[in-house]
Amino acid sequence: MDASYHFSFSLGVVGESGVGKSALVSCTQPDVDHYPTAGDDALADHGVRTRSHTYESRGAKYQITMWEVPGAPRYLNTVSRYAAMAAGAAVVFDLSRRATFERAELWLEKLDETSPGMPRVLLGNKSDLPADVEPEEALQLAKKYSCKYFETCTTQNEQVPEAFSTLIAGVVSQIPNPPEPSLLLRKRIQIGRALAENKSFRAALFGMEAP
Ligand SMILES: Nc1nc2c(ncn2[C@@H]2O[C@H](COP(=O)(O)OP(=O)(O)OP(=O)(O)O)[C@@H](O)[C@H]2O)c(=O)[nH]1
Ligand SMILES: [Mg+2]
């Protein structure tokens, strides 16, 4: 794991079983080997899978940990526990299976309960398949929960980078200037080792003179 980041935070990927959460995480992190989920999940960690990567923007390095909770109903409470630690979340449904769209609102509500105002995106995945959900309906749901909507396809990596960049930008834009630790913690963003140890960078961020 790269310890040279300035900030770190986690993002949740939630939604019904089989909508493509694991595929989306793999798409975002192509260098990491595929990992098992769903039926073959180890119950010891409540089926939660986490993976980290670094992301750079405007000279700052972020360590981003993505976690995915399997879509089976027995994991709904696990989501709340993890959502309480996340800085942002993607709620995913399968465009070709209407029932998963109807359940997406439950996941959005659940996130609102634990993390009101947290940056989120709504993803209608599998845009390569015949759609069972009208774009207007999904846009309306996204509007109700103040999030952006993307139609993604993991097999062709369509709209996946755009969707996660938007989510990450939403989190990054909440970093206060100066990055006061208690405000950061409220947004579930941690200060990384690079920021803690790099006095000149920290000084610039805090608007102080470098020693
Ligand atoms: N056609 C199509 N199939 C996809 C797409 N994304 C994922 N899939 C397929 O959908 C199935 C389920 O994908 P997963 O990523 O395992 O779904 P999941 O949401 O992680 O499921 P759980 O872990 O059980 O909650 C797999 O067979 C994927 O190959 C897509 O964009 N288009
Ligand atoms: Mg999965």
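A polar contact here is a pair of N or O atoms within 3.5 Å; within protein, one must be able to donate a hydrogen and the other to accept it, and residues adjacent in sequence count only if both atoms are side-chain atoms. Before clicking, note that this is a predicted model, where local features need pLDDT of at least 70, side-chain atom pairs count only at pLDDT 80 or more, and totals for chains, interfaces and linings use all residues. Residues are numbered from 1 along each chain as its sequence is written, chains are lettered from A and ligands numbered from 1 in the order in which they are written, and side-chain values use heavy atoms, leaving out hydrogens and water.

**Stop 1: Ser22 and Glu68**

Select Ser22, in helix 1 (residues 21–28). Helices (H or I, at least four residues) and strands (E, at least two) are DSSP runs, numbered from the N terminus. The Ser22 side chain makes a polar contact with the side chain of Glu68, at 2.8 Å. Ser22 has a relative accessible area of 10%, so it is buried. On this tour, buried means under 20% relative accessible area, exposed over 50%, and partly exposed in between (1.4 Å probe, protein chains only).

**Stop 2: strand 3**

From Glu68, select the whole of strand 3 (residues 60–68), which pairs with strand 2 (residues 49–57) in the antiparallel sense over 9 bridges. Two strands pair if DSSP finds at least two bridges between them. Across this pairing, Arg49 stands opposite Glu68 and His53 stands opposite Ile64. The hairpin has 2 residues between the strands, and Arg58 takes a positive phi near 50° there.

Strand 1 also pairs with strand 3, in the parallel sense over 7 bridges; look for Ser8, whose bridge partner is Gln63. How many residues of strand 3 are buried? The count is 9 of its 9. Ala60, Tyr62, Ile64, Met66 and Glu68 point one way, while Lys61, Gln63, Thr65 and Trp67 point the other.

**Stop 3: helix 2**

Next, pick helix 2 (residues 76–83) and show its buried residues: Thr78, Val79, Ser80 and Ala83. These pack against strand 1 (7–15), strand 3 and helix 3.

**Stop 4: helix 3 and helix 4**

Two packed helices are described by the angle between their axes and the distance between the axes. Select helix 3 (residues 98–114) and helix 4 (residues 135–144): their axes come within 11 Å and cross at roughly 5°. Axes are lines fitted to C-alpha atoms, for helices over the stretch in contact, and angles run from 0 to 180 degrees between N-to-C directions. Contact means heavy atoms within 4.5 Å. Helix 3 supplies Arg98, Phe101, Ala104, Glu105 and Leu108, and helix 4 supplies Glu137, Ala138, Leu141 and Lys144.

**Stop 5: two loop residues**

Most residues other than glycine have a negative phi. Ser146, in the loop between helix 4 and strand 6 (148–152), has a positive phi of about 50°. Ser146 has a relative accessible area of 65%, so it is exposed. Finish at Asn157, in the loop between strand 6 and helix 5 (160–172). Asn157 also has a positive phi of about 50°, and its 37% relative accessibility makes it partly exposed.
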